[in-house]
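The sequence and structure come first.

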Amino acid sequence: MSKEKQKTDAKMVDIVIDDKKISVPFGTMLLDAARQNGFEIPTLCYHEDLSRAGGCRMCIVEIEGQRALTASCAYPITAPINVQTTSRRVREARKTTLELLLSEHCGDCYSCVRNGNCELQTLAKEHGITQLPYGHPTEKSRVTETLSPSIVRDMDKCVDCGRCVRTCKELQGIGVFEAVERGFKKEITTFQDKPMAEVGCINCGQCVNRCPTAALTERDSIEEIWAAINDPNKHVVIQTAPAPRAAIGEEFGLDPGQAMTWQLNTALRKCGFDKVFDTNFTADLTIIEEGTELIQRLYKNLVQKDASAPLPQFTSCCPGWVKFIEHVHPEMLDHLSSAKSPQQMFGAIIKTWYAQLNDIDPENIVSVSLMPCTAKKFECNRPELRDSGLKDVDYVLTTRECAKMIRESGLHLPSLPPSDFDDPFGTATGSGVIFGNTGGVMEAALRSVLEFVTGLKVEDIFANANILPVRGMEGCRFAEIKVPDEVGPVPELIAHLVPNWDWLKGQTVRVGIAHGTKNARKILDDVAAGGFFSTCHFIEVMACPGGCIGGGGQPIPTSPAIRQARTDAIYKEDMAYGAKSVRKSHENPAVARIYKEFLTEGPCSHKSHELLHTSYWPRGKFIGSW
Amino acid sequence: MPNSTAEKVRPVQKDRPGSKVNSLQDEIDRLTERFGTERKALIPILQEIKKRHHIISGYAMQCVADRLSISPAEVYGVVSFYSFLHEEYQGRIVIRLCRTISCDMAGKDAIARQIQNDLGIKFGETTPDGKFSLEWANCVGMCDQGPAIIVNEQVFTHVTPEKVQEIITACVKMYERTPDLFKKGNHNEHKK
Amino acid sequence: MNIRNEVTFASIRPKDGLTAALGKDRDVVVEEVLRSGLKGRGGAGFPTGVKWKLAAEAKAEEKYIICNADEGEPGTFKDRVILAEWADLVFEGMTIAGYAIGAKSGIIYLRGEYGYLRQALEDKLALRRTEGLLGDDVMGKKGFSFDIHIHMGCGAYVCGEESALIESLEGKRGESRNRPPFPVSEGLFGCPTVVNNVETLAWVAAIFALGPDWFKHVGTEKSSGYKLLSISGDVAHPGVYEFPMGTKISAILKAAGAERPKAAVVGGASGILVPAKDFKRAICFEDVSTGGSIIVLSEDRDFLDILENFQEFFADESCGQCTICRLGNVKLLEGIRLLKEGRCTTKHLQELCTLGSSMRAASKCGLGQASPNMFLSILQHFKGEVLGRPQADDHFVNKRKAS
């Protein structure tokens, strides 16, 4: 860069990396500067979503004039420097670090769930590790912890990078993990080394997504599902959620952001599932139930001055979030919508209505769901979610496990022909699809509530029915939606609940949205303290950053760019429904049918409460409060 | 299934850390009044708990975490990091023998063996009567007068195997002489 | 107390330094510390004046002075002696530093092992408050308020590293921070912070009592002044000694009455091994720098025993956050045990040397960077003594033959 330019742009700093002159903004981290300019620097404890620890010492570089090597991930450039990324000292130190890590890392790559997608394995390959001068353990020294319904923890594979610690603390605000002891005894573990299931873990699996090795993995259900498929007496059905469909392509080498919805239907049938359903059906059902509940709560609070079901109403679709509030603010459980999550609604419907329709003994139905989520594995095991008389959902597959099953079947997902979902739940809406990302549940609910109340088409209020104010990636968001002065008649579906809409005329609906439980905690604390968010009517929370598309069961790796690409894919699919069919939950013909034929008393009625609603447990913050 | 959460709310167990009815909770409340509820108060609070109770139990760690709005794991991380904080019970008298170089060269091994013999416990253990704990210490800064032993906050230097029993006797006397500050209810020293 | 020769601190009259310093402008105080050539006495030898200048220039509401009394380096005990005998000089040094950089509060991070010193220090601080040497308008200086508090450490050697010390003060695990930012710009609670060793601060008081030029004229060109040394090991008169910077090791050993010295460990576990043939080398920042520890090893000592002790120390005291220090020290320890058992191959020894130099280069903080020093130093000078040791049994040989 010329001297002149430097003068005009005082905030740029000239540096030299491996003899190449570059100019970077003051304060840029050295690693970022190097990567932006095409220099490959290996990392291990670094993760885009997290703070910089500088502990693994893989990203070290040599800065001229400095005695010791510097961790580039945590070095802010504030002065001109001359950097060597490939000197002998750097190479030797990186290799030594890897040899040391491998001397503690117990496990065979070929039988490891992360084989082929393991950062330690990749680094070992890239750094030419052929000998292990400090040995390699062949016997496990720690018992693999399998007590959590969602997450398996194998500390023999831990490389002490601390990403899980930072994930849980910085993104989720929980702090299940921590570095304990010091020196050679230091390790990453939980409070007093207790099982994760006992220390307030919400099973969100964000740590799994960011673990570079297989120290943290999901609790695998594949064997049980194969067994069910192989059993001729079992009728095995699977519901698939939109978020995994938007991401599973990544497991087959596609770039993020390419939805595989229709190819996946074919793949799952080829794997042996008897029926493939779309979770969107119950997402739509959730909107009707949860939206109706919101209208009920609004009516009670605003008109009847009855605060027994308080505002704001919180969404309840996300099992991580539900467990979080049960731990952190159990006194606020009555804010949670009693509507079950789409997965559990589907489970209950399959083993009741679907079983009746098709004359199948519910005992013989094995209900599987494909979810982006490890917390769903916990949810399906909640003892209260057995309203069909059986376990409503038997097994949950994460996106990663599903990809494994498909690969095991010898299929290459992207090359498969598309096919449709099975009836009677086949038809879905765009509103169901956008449940997959932050703001989606809110948008879907608003689409339906606005139409219920105004009698207008939501397209006439928001262009293309895209309620943009609730979208975005900001951690805590707020939006105001004004109800027009003209209201319509109360639709027949909910006529048993409110007499008219006059009380909503010209009202402003205030909504809040949070993703990542750290942000959820901010909102909860604020509501508890009677702050800004306590004036909201409806708050959507998703436990994972970005919502379900960033779920703990999604393909690894994750990053803001990857999550954005998946979100874009979701909105694209939503728009596609506009061309083909419907984008609003209450327009879903299958939903109309179920209220006509099965839940004949309408939403939030006795029967729907029996099957589609649930209740929650105050768990508390302390140990033993699982 | 009924829809009311209230019906399903489990009764709050009185003795759990979540409820405010036991003495340790009150005590920690008083400590937070004294040191504050910011993160920087953590180590002073833990030191105080250790001093009074000779243990920082899991229960205490959870209570402290709750008051300081951090996760119990973080408190555990700190307790396990520092040699002078313990999650296990330690005796009223903690004997720390310096094992670092100068004391090593001055013959700490013989002292170590003799203390173990005389107390009947190994390093890292506590006598069954709860009087003594035996610990190693890294350099205690008495290199010119080694081998050195720190007993609670008192230093013994130029220790020889013959002197070990003397020191233990002196400790027992000290133990008997000192009124037990740490019996329950005797926390008046900290009232302002 | 084993104070073996005349120590300057004993001759300094209390309040002299503080009075002199408070009579000057803040920048003049910083300037005089710069001019004195005083460098950090904790071992790293960073110019104290530069540290102060940076902190003084940093703009912030709150600034801190921390006295690093976490003297944990094996073989070092001079800070203990200073705190026991001349604590007022340390308090004065802190007060002067507070005045110079514009800090209102000073913290003494006293290691847990020195708990028995605390009460006396608290009493002295209380006295200083009543005498108007601490508190609002120190010594009548309008607008200059300064107070000192004691924070007890809880037994962690790494907390002697300044950024780990700051983490510990913030209530966290004592894990060192990434630098930059350095504590002088973002230290305790994100505020500009000066961390100085006990001895450094005591010298500050002495410098203002006796004048910066007095200090500058002692010692060598790059190492001004005197240094307190803690001498232990195989000597007749272990204890604290004061020598001008630049004194030859041989002279020091003679004064302490070293018995048939084979080598001296200078700088504690993090230091280096100086073999007898190099005793003409001098203690100063240009030659052999030290935080003050000299451990003399007689001809009867086995280097591997010494090394094993040091390496056990590091394996235990590493904070454990960076890979190469956490695991490297364990592997060095295992290697030393192999050497002791006479089972280490030359190839493995070579690998351990690479490990050592990688640890030196790539560890995050001074602890890790210094931890292989003794190992490398002993191999450099006495490789012949550590290889080919007799084996306790023939197990290893038999196993090799069998396979």
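Two residues are in contact here if their C-beta atoms, placed from the backbone, lie within 7 Å. The model is a predicted one.

## Contact between chains B and A

By that criterion, 21 residues of chain B and 29 residues of chain A take part in the contact. On chain B, three helices each supply at least two residues of the side that touches chain A: H1 (5-8), H4 (58-68) and H5 (72-81). The largest share of this side, 7 residues, comes from H5(B).

By residue class, the side of chain B that touches chain A divides into 8 nonpolar, 8 polar and 5 charged residues.

## Contact between chains C and B

Chain B also touches chain C, where 37 residues of chain C are in contact with 31 residues of chain B. At least two residues of the side of chain C that touches chain B come from each of helix H8 (162-169), strand S5 (226-233) and helix H12 (303-317) of chain C. H12(C) provides the largest share of that side, 6 residues.

The residues on the side of chain C that touches chain B are 14 nonpolar, 15 polar and 8 charged.

## Domains of chain A

Chain A is divided into domain 1 (3-86), domain 2 (100-218) and domain 3, which is made up of 282-338, 427-553 and 581-612. Between the C-alpha centres of domain 2 and domain 3 of chain A there are 38 Å. The contact of these two domains takes 14 residues from domain 2 and 14 residues from domain 3.

On the side of domain 2 of chain A that touches domain 3, helix H5 (163-171) and helix H6 (206-210) of chain A each supply at least two residues. H6(A) gives the most to this side, with 3 residues. The side of domain 2 that touches domain 3 holds 5 nonpolar, 7 polar and 2 charged residues.

Helix H10 of chain A covers residues 280-303, 24 residues in total. H10(A) is mostly covered, with 18 of its 24 residues buried. A:Lys305, which follows H10(A), has a positive phi near 50°.

Which residues of helix H19 (residues 589-597) of chain A are buried? They include A:Ala590, A:Val591, A:Ile594 and A:Tyr595. These residues cover an arc of only 140° around the axis, which puts them on the same side of H19(A). An α-helix has 3.6 residues a turn, so residues three or four places apart point the same way. The buried residues of H19(A) pack against H10 and helix H12 (342-358) of chain A. On the face of H19(A) turned away from its buried side are the exposed residues A:Lys596 and A:Glu597.

## A mixed sheet in chain A

In chain A, 4 strands form an open sheet with mixed pairing, in the order S12-S17-S16-S15. Strand S12 (313-314) and strand S15 (476-482) of chain A stand at the edges with a single partner strand each, so one side of each is left without a neighbour in the sheet.

Strand S16 (residues 508-515) and strand S17 (residues 538-542) of chain A pair in the parallel sense over 5 bridges. A:Ile513 stands opposite A:Glu540 in S17(A).

Definitions and conventions. Residues numbered from 1 in each chain as written. Chains lettered and ligands numbered in written order. Predicted model: local features only at pLDDT ≥ 70, side-chain atom pairs only at ≥ 80, totals over all residues. Nonpolar A, V, L, I, M, F, W, Y, C, P; charged D, E, K, R; others polar. Expected span 1.5 Å × (residues − 1). Buried ≥ 20, exposed ≤ 12 C-beta atoms within 10 Å, placed from the backbone. Arc of directions from axis to C-beta. Domains from an automatic or database assignment. Pairing = 2+ DSSP bridges.
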